[in-house]
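Here is a friendly tour of a protein chain, from its overall layout down to single side chains. Please keep the viewer open as you read.

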Amino acid sequence: MNMMRPGYYTYLRKKCQNLSFPAGFLLACLGMFILFTPYLFLRDFSSQNELRYLSIADEALRNGHFFGFMHQGKPYADKPPLYLWILMGLKSLTGKHALGWISLFSLLPAFGIIFTLCYWIKDLLGKEGVAVSFLLLMTTY
């Protein structure tokens, strides 16, 4: 059962076609952010990687090591330090490891990458092509 008025989709499509590239992109990002928010804040830490990184960040905060990281007393140099610094900063600010806030540091760069790609291809593919590219790339997140 279609609950919208018959001409509402056509009206909405005409309004969206008149949006400039950044405005339309920001509107789409806002929609995707609203869709992804429950997933970001309600999922659990993965046992393979995230729990190890949290342990490394906790150990670094506890021992005061901000440049040389240890994992259970052994040197750990596999992960670039930016992610570990983000974990340490969020733990210092919030007092706990909040996966939703940690996940934002994955979603926001994804939006930046998609914006760059859409900006590069907007002249080649047009508005419909950019919209399809945006949606395809967001499904890979």
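## Overall layout

Which pattern does the chain follow when read along the sequence? The pattern is α-α-α-β-β-α-α, made up of five helices and two strands. Helices (H or I, at least four residues) and strands (E, at least two) are DSSP runs, numbered from the N terminus.

A word on the ground rules. This is a predicted model, in which local features need pLDDT of at least 70 and side-chain atom pairs count only at pLDDT 80 or more, while totals for chains, interfaces and linings use all residues. Residues are numbered from 1 along each chain as its sequence is written, and side-chain values use heavy atoms, with hydrogens and water left out.

## Burial, surface and contacts

Of the 141 residues of the chain, 27% count as buried. Here buried means under 20% relative accessible area, exposed means over 50%, and partly exposed lies in between (1.4 Å probe, protein chains only). The accessible surface of the chain comes to about 9900 Å², and carbon and sulfur atoms hold 66% of that surface. Accessible areas come from the Shrake-Rupley method with a 1.4 Å probe; for residues, only the protein chains shown count as cover.

Taking the contacts (heavy atoms within 4.5 Å) in the chain with a separation of 6 or more, 60% are between residues 24 or more positions apart.

## Two nonpolar cores

A nonpolar core is a set of buried Ala, Val, Leu, Ile, Met, Phe, Trp, Tyr and Cys residues joined through side-chain atoms within 4.5 Å. The largest one has 14 residues, and M32, L107, F111, I114, F134 and M138 touch the most other members. Two or more residues each come from α2 (21–42) and α5 (99–139), with α5 giving the largest share, nine residues. Another core, of 12 residues, lies apart from this one; I56, A60, L87 and I102 are among its members.

Which residues does I114 contact, leaving aside its neighbours within four places in sequence? They are F25, F134, L137 and M138.

## Helix α3

The 14 residues of α3 should span 20 Å at 1.5 Å a residue, and the end C-alpha atoms of α3 are 20 Å apart, which agrees. The expected span is 1.5 Å times one less than the number of residues. The buried residues of α3 are E50, Y53, L54, I56, A57, E59 and A60. What covers these buried residues includes β1, β2, α4 and α5. After α3 comes G64, whose phi is positive, near 75°.

## Helix α4

Helix α4 (residues 81–94) also has 14 residues, which should span 20 Å, in agreement with the 20 Å between its end C-alpha atoms. Its buried residues are L84, L87, M88 and L90. Why do they sit on the same side of α4? They cover an arc of only 165° around the axis, where the arc is that of the directions from the helix axis to the C-beta atoms.

The buried residues of α4 pack against α3 (50–63), β1 and α5. On the other side of α4, L82, S92 and L93 are exposed. G95 follows α4 and has a positive phi, near 85°.

## Aromatic pairs

A pair of aromatic rings is described by the distance of the centres and the angle of the planes. Rings of Phe, Tyr and Trp (its six-membered ring) pair if their centres lie within 6.5 Å; planes under 30 degrees apart count as stacked, over 60 as edge-to-face and the rest as tilted. A search of the whole structure finds three such pairs.

One of them is Y53 with Y83, edge-to-face at 5.7 Å centre to centre and 80° between the planes. This pair links distant parts of the chain, with Y53 in helix α3 and Y83 in helix α4, 30 residues apart. Y53 counts as buried at 11% relative accessibility, whereas Y83 is partly exposed at 22%. The rings of F67 and W85 have centres 5.9 Å apart and planes at 85°, so that pair is edge-to-face. F67 is in the loop between α3 and β1, and W85 is in helix α4, 18 residues apart. F67 is exposed, with a relative accessible area of 72%, while W85 is partly exposed at 36%.

## The loop between the strands

Q72 lies in the loop between β1 (69–71) and β2 (74–76). Phi of Q72 is near 55°, a positive value in a residue other than glycine. Is Q72 buried or exposed? Q72 is exposed, with a relative accessible area of 64%.
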